[in-house]
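Here is a short note for someone opening this structure for the first time.

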Amino acid sequence: DPQEIELATANKRKLRRFIVIDEVVDKLYGSKVRAYFRENNVQHKILSLPTTEETKSMDLVLNILQEVQSFSLDRRTEPIIAIGGGVCLDIAGLAASLYRRRTPYIRVPTTLLSYVDASVGAKNGVNFLQCKNKLGGYTPPVASFLDRSFIQSIPRRHISNGLGEILKMALMKHKGLFDLLKNHGKYLLDTKFQSCNDFAHHGDAALQTTRIAIETMLEELAPNLWEDDLDRLVDFGHLISPELEMRVLPSLMHGEAVNVDMAFMTYVAHARGLLDSEEKEQILQCMRGLELPVWHSGCSWTLIQRALRERLKHGGGQTRMPLPIGLGMADIFNDTSEETLERAYELWVKD
């Protein structure tokens, strides 16, 4: 903000920033981040941490808070900056929300998944007692800065992982986004979501895909930021996946676990007569084209039953199950019988 810089300069007050950065991102971009703050004459502290699902705990949050306290942060004028994937943004966001009850923070996502998912919304949290995001809160960032050039340095599997969350929004809300993924999925994987001019027939598929994914996510989240309404289309792929992801760590990444869940729910929708055979196959073919898993041996019938019981507990006694009712259309159902679920599961495993 030019006015803030002018004010700070006029008062001779040195700008100060506390930055939490994922250690892998630090190795790749840390020197540029440090150079940026030096060149802008900003006093800064950079805390580099291993931010993975296995380390996503209150211990790491307390580690951040100890460093923040040592830095003597002014919670009104000195936001914490988080640079990394979704886990890093979640941990730093929770730390910021706890420090003096609410310290502002800024999200800078560096993976495709965090670019289209964690960058949007108010939630932050950590894992607890082997349960995903069991501790957390709702504190939106003051800003999210999106830069797709970060994505070019992440492995292909991480691109595919992010495509799982993008596909979620396509199946729930946007047939055009589904068509983009179906027609340009391999191109997006190959180019790592960088805007390229040498393939004119693809257009700017990377920009279109990320923009639509974020816009559709915002449409769903903004009116219901604190989840007062538990009927949420964005929960598609998140009924079974939290249990599965934590059970099989680290063999499945978040977007991959979400896609396994979505694949099963596609069979559930088909078993209910909401999708015809051709639509079901189109969805599964798109998933495979995005190099996402459509099944995992850890997703047993017992695990599914346990996950749905948890869902009932946290859904006010209802499953609130988002299901596709066509390509790019969805609704929420509370009346899927166990017989239908079991029939869908048997067909899924057989296929």
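1. A polar contact here is a pair of N or O atoms within 3.5 Å; within protein, one of the two must be able to donate a hydrogen and the other to accept it. Between domain 1 and domain 2, six residue pairs are in polar contact, with both residues at pLDDT 80 or more. The pLDDT condition applies as this is a predicted model.

2. On the layout: the protein chain is divided into domain 1, covering 12–151, and domain 2, covering 155–350. Taken over C-alpha atoms, the centres of domain 1 and domain 2 are separated by 27 Å.

3. How many residues of each domain are in contact with the other? Domain 1 contributes 22 residues and domain 2 contributes 31. About 2,200 Å² of area is buried between domain 1 and domain 2, and carbon and sulfur atoms give 67% of that area.

4. Charged pairs also cross this boundary: the rule finds three salt bridges across the interface of domain 1 and domain 2. Separately listed is a salt bridge between K134 and E310, whose closest N and O atoms are 4.0 Å apart.

5. Which elements supply at least two residues each of the side of domain 1 that touches domain 2? They are α5 (112–118), β5 (123–128) and β6 (131–138). The largest share of that side comes from α5, with five residues.

6. By class, the side of domain 1 that touches domain 2 has 11 nonpolar residues, seven charged residues and four polar residues.

Notes. Residues numbered from 1 in each chain as written. Predicted model: local features only at pLDDT ≥ 70, side-chain atom pairs only at ≥ 80, totals over all residues. Heavy atoms only, no water. Domains from an automatic or database assignment. Contact = heavy atoms within 4.5 Å. Buried area = accessible area lost by both parts, 1.4 Å probe. Salt bridge = Lys/Arg side-chain N within 4 Å of Asp/Glu carboxyl O. Polar contact = N/O pair within 3.5 Å; in protein donor to acceptor, adjacent residues only side chain to side chain. Helix = DSSP H or I, 4+ residues; strand = E, 2+ residues; numbered from the N terminus. Nonpolar A, V, L, I, M, F, W, Y, C, P; charged D, E, K, R; others polar.
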